[in-house]
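Here are my notes after a first pass through the model. Have it open while you read.

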Amino acid sequence: MLYSHEFLLDLLQKHFKQKRQINQIHSLLITSCHLFLKPSSQPSKWIKTLLYNTLIRAHLNFGNPYKSLLLFTYMLSHQAPPNNHTFPSAIKAISPGEATFVSVLCSCSNLDGGGCLYQGKQIHGYIVKNGIELTAFLGTALISMYGKTGCMDSAFEVFNGMSDKKVCTWNALMSSLACNGREQETLSMFEKMRVEGFHPNEITFVALLTACARAGLVELGLKWYQAMLPDFRVIPRMEHYGCVVDLLGRAGLLAEAEEFVKSMPFQPDATVLGALLGACRVHANVDLADAVGRRLLTLQPQHSGRYVVLSNIYAEAGKWDHASKIRKAMVDGRIRKTPAQSCVERF
């Protein structure tokens, strides 16, 4: 007999302090597959989160923090989104171990809305309060978390307070600066990184090229791209080619961007072509958009965003028949535009 999510959640809450009953209900949840990812028959968005939260807190109360953390990792792998009630229990279950803190911070960074910053600060506070050493990897995770939420002062505070920095630490700060409109500081950090004897890697150049693209520094960006292999022995990857296309496209150099794509040593992926299509829309190049857009639709026939951008380009150019055909293709292919969402966090 299969029990519903709601029925088992009610049982969990009724028998929250009874270990034997909790273990039995946990077994029923597993045999009923209510804790696993089942795209075909999903319950309400948060029901699995509530189930996992209750189990995590119950096992923590039973003095079994290892099982609580194990459930937390299962929760992430089966796409049950953590919420404001998840992380306090996960923090309590942590024994001072670097890998666990890094994992929790990384999952926290992927939270939607303001919950990311709130929970990240709770974890950071726990680290400071308990005198846990801020290693290179733990500090990097904190910098990345603060960077994703736009708290660059806090990111710098962590960075400056670290005695042991590695290349990944510099990369996290540079990437955060580049994504928060502080491109010149990204370039300064790159120079400082080299002065202090750190060797840039692939991720360093993604951050550097992103900063150049957003600041409109075409010549400087091309200079660093061309120096990657001969001067730093870093082989350009798809991400770097995408950054250069973005660099040229933002500056309106669409012909150069198109030639650059043609000169690539491998076929461009959707990110590279997507950057070129976005530039076509900004600079109203309908002919190039038509060619690039059709290649993108071949690569990603179910990606609603590609259809919408291409349709909008046609519409803005007054080519209503072309726009209508793209919209009709979406309808015929049963492709729906992903609806926008707003998130309000309550603390």
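Buried here means under 20% relative accessible area and exposed over 50%, with partly exposed in between (1.4 Å probe, protein chains only). This is a predicted model, where local features need pLDDT of at least 70 and side-chain atom pairs count only at pLDDT 80 or more, while totals for chains, interfaces and linings use all residues. Residues are numbered from 1 along each chain as its sequence is written, and side-chain values use heavy atoms, leaving out hydrogens and water.

1. Cysteines to begin with. Cys280 counts as buried because its relative accessibility is 0%. Cys212 is buried too, again with a relative accessible area of 0%.

2. What about disulfides (a pair of cysteine sulfur atoms within 2.5 Å): how many are there in the whole structure? The search finds 0. Cys212 is in no disulfide, and its nearest cysteine sulfur, on Cys243, is 9.7 Å away.

3. Now the rings. Phe, Tyr and Trp (its six-membered ring) pair if ring centres lie within 6.5 Å; planes under 30 degrees apart count as stacked, over 60 as edge-to-face and the rest as tilted. By that rule the structure holds 11 aromatic pairs. One of them is Trp170 with Phe198: the centres are 5.6 Å apart and the planes at 45°, so this pair is tilted. Helices and strands are DSSP runs numbered from the N terminus (helices H or I, at least four residues; strands E, at least two). Trp170 sits in helix H10 (residues 167–179) and Phe198 in the loop between H11 (183–195) and H12 (202–215), so the pair ties together parts 28 residues apart in sequence. Trp170 counts as buried, at 1% relative accessibility.

4. Tyr241 and Phe260 make another tilted pair, 5.6 Å centre to centre with 40° between the planes. Tyr241 is in H14 (residues 238–250) and Phe260 in H15 (residues 254–262), 19 residues apart. Both Tyr241 and Phe260 are buried.

5. Have a look at helix H19 as well. Ala323, Ile326 and Met330 are its buried residues to check.

Technical notes
A disulfide is a pair of cysteine sulfur atoms within 2.5 Å.
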